[in-house]
Amino acid sequence: MSTWVQGKVVERIDWNEHLFTLRVEAEVEPFIAGQFGKLALEQEGERIQRAYSYVNPPHEPVLEFLAVTVEEGQLSPRLQDLHPGDNVMVTPRPSGFLTLDEVPAGRELWMFATGTAVGPFLSILQSKDCWERYERFILVYAVREAQDLAYLETIKALEKAHPNAFHFVPVVSREEVEGALHGRIPQLLVDGAIQEKVGVPIKPARSQTMICGNPEMIRETLAVLEGMGLRKNLRRTPGQITMEKYW
């Protein structure tokens, strides 16, 4: 199969002026929930490409990519200008290891995400077979402002479908929002606010964690979790912390 295939945009969802989802039809190889592909457009004879996680679960044929527009970016503003019927290049082969196959067993699976890095976790949570793996899934989704919380209807549907097995903890850093924690994930873990909201402790004997987002959040959250006795999950030495930087 070639390095790139042509995809066709079937829908663009604008969550706000800088956050959007592209829904794309493209012939790609089967992927595992949590993996990512690349999108590209030609610009003055040069192919500009960036990696984006699949938000849709593997059983859904239309690919979904959640993106934020970077004002000075070469690609994201042009992606946000695409409309249904427009073409975009897609890599047919998936990449990445932020998948449940890489995570050891445990009672709870904690998913810590900032911004658009919630995408791979939504793909996992919408997968048909994930719910047999752990007793509880806890999605901690952190953004700057409430308007940056995307896919809330999808999350509400997960809460309704799995009322005892799924917990959603929204975190907003720049404003006070009813129903959301105020602050940043690392400090809220240190304070115990996240654990208190869920009613479940984080302990090495029972907890598995996945972290995806900006490097600073990952670095700080990793340090906090290691302070709780958790350690990085490596294939040769299984642990409780699985990570993927989102840029």
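Visitor: In this predicted model, which residues do ring pairs link into a cluster?

Guide: The model is predicted, and in it eight aromatic pairs are counted. One of the pairs joins Tyr 134 and Phe 137, edge-to-face, with 5.7 Å centre to centre and 90° between the planes. The cluster that ring pairs link together is made of Trp 131, Tyr 134, Phe 137 and Phe 166.

Visitor: Is Phe 137 buried or exposed?

Guide: Residues count as buried when their relative accessible area is under 20%. Tyr 134, the partner of Phe 137 in the edge-to-face pair, has a relative accessible area of 5% and is therefore buried. Because the relative accessibility of Phe 137 is 0%, Phe 137 likewise counts as buried.

Visitor: Are the rings of Phe 31 and Tyr 54 stacked or edge-to-face?

Guide: Phe 31 lies in the loop between strand 2 (19-25) and strand 3 (36-43), while Tyr 54 lies in the loop between strand 4 (46-53) and strand 5 (63-68), so the pair ties together parts that are 23 residues apart in sequence. Both residues, Phe 31 and Tyr 54, are buried. Since planes under 30 degrees apart count as stacked, and these two planes stand at 20° with the ring centres 4.1 Å apart, the pair is stacked.

Visitor: Which feature does UniProt place at residues 2-101?

Guide: The span of residues 2-101 is 5% helix and 43% strand, and its end C-alpha atoms lie 27 Å apart. The UniProt record, an unreviewed entry, gives this span the feature "domain: FAD-binding FR-type".

Visitor: With which side chain does the side chain of Glu 108 make a polar contact of 2.6 Å?

Guide: Glu 108 is placed in strand 7 (residues 108-114), and it is buried, with a relative accessible area of 0%. Among the residues it touches, not counting those up to four places away in sequence, are Tyr 134, Arg 136 and Arg 206. The side chain of Glu 108 makes a polar contact of 3.4 Å with the side chain of Arg 136, whereas the polar contact of 2.6 Å joins it to the side chain of Arg 206.

Visitor: How many residues are in the largest nonpolar core?

Guide: The elements that give two or more residues to this core include strand 7, helix 2 (119-125) and strand 11 (207-213). Apart from it lies another core, of 23 residues, among them Val 169 and Met 217. In the largest core, the residues that touch the most other members include Met 111, Phe 137 and Met 210, and the number of residues in that core is 35.

Methods:
Residues numbered from 1 in each chain as written. Predicted model: local features only at pLDDT ≥ 70, side-chain atom pairs only at ≥ 80, totals over all residues. Heavy atoms only, no water. UniProt positions renumbered as here; feature names shortened; annotations may be inferred. Helix = DSSP H or I, 4+ residues; strand = E, 2+ residues; numbered from the N terminus. Buried < 20%, exposed > 50% of the residue type's maximum accessible area, 1.4 Å probe, protein only. Polar contact = N/O pair within 3.5 Å; in protein donor to acceptor, adjacent residues only side chain to side chain. Contact = heavy atoms within 4.5 Å. Core = buried A, V, L, I, M, F, W, Y, C linked by side-chain atoms within 4.5 Å. Phe/Tyr/Trp six-rings, centres within 6.5 Å; stacked < 30°, edge-to-face > 60°.
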